[in-house]
Amino acid sequence: MTKKVLVICGTGVATSTVVAIKIKDFCSSRGIPVVVTQGKVMDIVRGIEGYDLIVATTPIPSTVKIPVIQGLSFLTGIGNEATLEKIAQALS
Amino acid sequence: MDLGASIALPILITVFGLMLGEKLPRAFRAGVTIGIGFIGIGLIIGLLFGKVGPAAQGLADRFNVDLTIVDVGWPASAAIAFGSKVGAIIIPICLLMNIFLLAVGLTKTFDIDLWNYWHFAFIGGLVAAITESYAKGIVTALIAMMLTLALADWAAPRIQAHYDYPDISFPHGTSAAYAILAYPLNWVFDRIPGFNKLKADPESIQKRFGIFGETTMLGLFIGLALGVAGFGLDKPREDIIAILGLGITLAAVMLLLPRMVAILMEGLVPISEAARSFVGKRFPGRKFYIGLDSAVVIGQPAVIATSLILVPVTLLTAIALAPLGNKVFPLVDLATIPFIVCLMVPIFGGNIIRSVAGGAILIGGGLFIATAIAPTLTEVAVSSGFNNETGGTISSLVDGANPMTGLFYWLSDIGGWTGIGILGAITLAISIFVKMKVKHNISSSVSH
């Protein structure tokens, strides 16, 4: 079944685009069916539903109950692989 | 007629990608994607102008509140900056400048966030237009980068401690400039009796003001309010249609404009990665701070809470300052306020009351900068290939209202090369000062 991933950053544009591209590439190489959406943290301060996983480059408000994986490593380039593995595990 | 960014940049980006060792198909696709982003941004700006212009004019005629300069926000500002003549070569020259500064030890930050080079192109593009000198534009853009790197190094230890991100700094053209101004403000706030004791809780603010964070709803409500004020209800049927139309259009702009920038961004990612591995290969094992977009700290509860309160505060401030000469109607950048405050918040110790007060003071002052640069920015936008059929004037808060933009623009306008020389000297002095200070921090932590 196709999983829904929400990538969250400060603008829903800048850093989340970098992360979204990497997740899409990774999932298609692993054959994991996934829909990746981008959003900004200000939109979800009052909570959000309907996603299987959030990958965020910025802290996520405590009102959000969906599992969150920190995606800062996609920007720094350090620990990239480990984060991708974590995402694969969370989606399986 | 100028070539326009949507034609020039795909070619330039392809060539630059090849120079960094990217393969032709990937480099070419990146270039074309960036061109598409430009076309998209141009369409949305046209929509914004056509719809907001008449309503803002109505507001001016009916209530004598002249807020006819439309804030097209950071997405458009970034596109205009990259589309300017300085912007066309900003990525290679700033990358070289950064490598040079690392080599001579004048910065500890490697700014891998190529996207945010637009801030330097923004300043350079404005200076090139006002002084009618390409060379002055290029030099001020490079000085702006050097100053931003120095400010990022300066704030790094405190911000790393507050946010718990080791070895990261934020050479971000918007937030770095505001961070430095937060120090004197905090000093003043400490000395105001009563005020220095005030505190607020981020959780309850998020609940109460959360709606101001939903930018499409915000766009809708502002559009409806501006429509009622600008069009009135003299001819009920026509006016109601116009008001509803303005509301849904502004909601659309708030959603679509950032989406268009995401396309631009998508094109830039392969180039960014090529640049990173290019530099990585040439500086093996070299230690530096990794410069990131300050977007990564925006989710902090105190930053969100401060920004939510500042949305209505900014709108009211703009209206209140109209009689004093502000002409900017804050719109798209109401969604960008987190970037203005995100590095001030840690300097105010996470205190929301102080952050709101500091933010309001700096944004209020910034509105006059945004008003002053608006004609030049509009001129740069038109020569970058953005259509301006309605003849309106545009500006933005990020970075149109930025104190660093104001300082660079003003000094190079009145002082020419002398003014730019002063900017360079101040920047060099700050870089050397920070170099000493940062060194001191590291050595003291080792001795413990």
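Mentor: Two strands pair if DSSP finds at least two bridges between them. Keep in mind that this is a predicted model.

Trainee: Fine. How do β3(B) and strand β4 of chain B pair, and over how many bridges?

Mentor: In the parallel sense, over two bridges; β4(B) covers residues 289–291. On the residue level, B:Ile168 has B:Ile290 of β4(B) as its bridge partner.

Trainee: What is the strand order in that open sheet of chain B?

Mentor: The order is β2-β4-β3, three strands with parallel pairing. The edge strands are β2 (109–111) and β3 (168–169) of chain B, and each pairs on one side only.

Trainee: And the open sheet in chain A, what order does that have?

Mentor: Four strands in the order β2-β1-β3-β4, again with parallel pairing. At the edges stand β2 (34–40) and β4 (68–70) of chain A; each has a single partner strand, so one side of each has no neighbour in the sheet. Ignoring direction, neighbouring strands of this sheet are turned by 25 degrees against each other on average.

Trainee: How many bridges join β3 of chain A to β4(A)?

Mentor: Three, and the strands run parallel; β3(A) spans residues 53–56. One pair to look at is A:Ile54 with its bridge partner A:Val68 in β4(A).

Trainee: Which strands does helix α3 of chain A touch when it packs on the sheet?

Mentor: Helix α3(A), residues 80–91, touches β1, β2, β3 and β4 of chain A, and its direction makes about 170 degrees with that of β4(A). α1(A) lies across β1 (3–9), β2 and β3 of chain A, running at about 155 degrees to β1(A).

Trainee: Switching to helices in chain B. At what angle do α2 and α11 of chain B pack?

Mentor: About 160 degrees, with the axes 8 Å apart; α2(B) is residues 24–63 and α11(B) is residues 236–282. Angles over 145 count as roughly antiparallel, so α2(B) is roughly antiparallel to α11(B). The contact of α2(B) with α11(B) has 20 nonpolar, six polar and three charged residues.

Trainee: Is the crossing left-handed or right-handed?

Mentor: α2(B) passes α11(B) in a left-handed crossing. The crossing of α3(B) and α11(B) is also left-handed.

Trainee: What angle do α3(B) and α11(B) make?

Mentor: About 35 degrees, with their axes 8 Å apart; α3(B) runs over residues 73–83. On the α3(B) side the contact residues are B:Gly73, B:Pro75, B:Ala76, B:Ala78 and B:Ala79. From α11(B) come B:Leu257, B:Pro258, B:Met260, B:Val261 and B:Leu264. By class, that contact of α3(B) with α11(B) has nine nonpolar, one polar and no charged residues.

Trainee: Now the two chains together. How many residues does the contact take from chain A and from chain B?

Mentor: It takes 26 residues from chain A and 24 residues from chain B. On the side of chain A that touches chain B, α1 (14–30) and α2 (72–76) of chain A each supply at least two residues. The largest share of that side, five residues, comes from α1(A). By class, the side of chain A that touches chain B has 14 nonpolar, ten polar and two charged residues.

Trainee: What are the scores of the model?

Mentor: ipTM is 0.79 and pTM is 0.88. Chain A has a mean pLDDT of 88, with 100% of its residues at 70 or more. For chain B the mean pLDDT is 87, and 96% of its residues reach 70 or more.

Trainee: Where does pLDDT stay under 50 in chain B?

Mentor: Over residues 440–448, for which the model has one contact beyond four places in sequence. Where pLDDT is low, the predicted coordinates should not be read in detail.

Trainee: And by element, which helix of chain B has the lowest mean pLDDT?

Mentor: Helix α9(B), residues 202–209, at 80; the highest is helix α6(B), residues 118–131, at 96. In chain A, confidence is lowest in α2(A), at a mean of 84, and highest in β3(A), at 94.

Terms used
Residues numbered from 1 in each chain as written. Chains lettered and ligands numbered in written order. Predicted model: local features only at pLDDT ≥ 70, side-chain atom pairs only at ≥ 80, totals over all residues. Axes fitted to C-alpha atoms, helices over the stretch in contact; angles between N-to-C directions. Parallel < 35°, antiparallel > 145°, perpendicular 65-115°, else oblique. Left-handed = near helix turned anticlockwise from the far one by under 90°. Nonpolar A, V, L, I, M, F, W, Y, C, P; charged D, E, K, R; others polar. Contact = placed C-beta atoms within 7 Å. pLDDT = per-residue confidence, 0-100.
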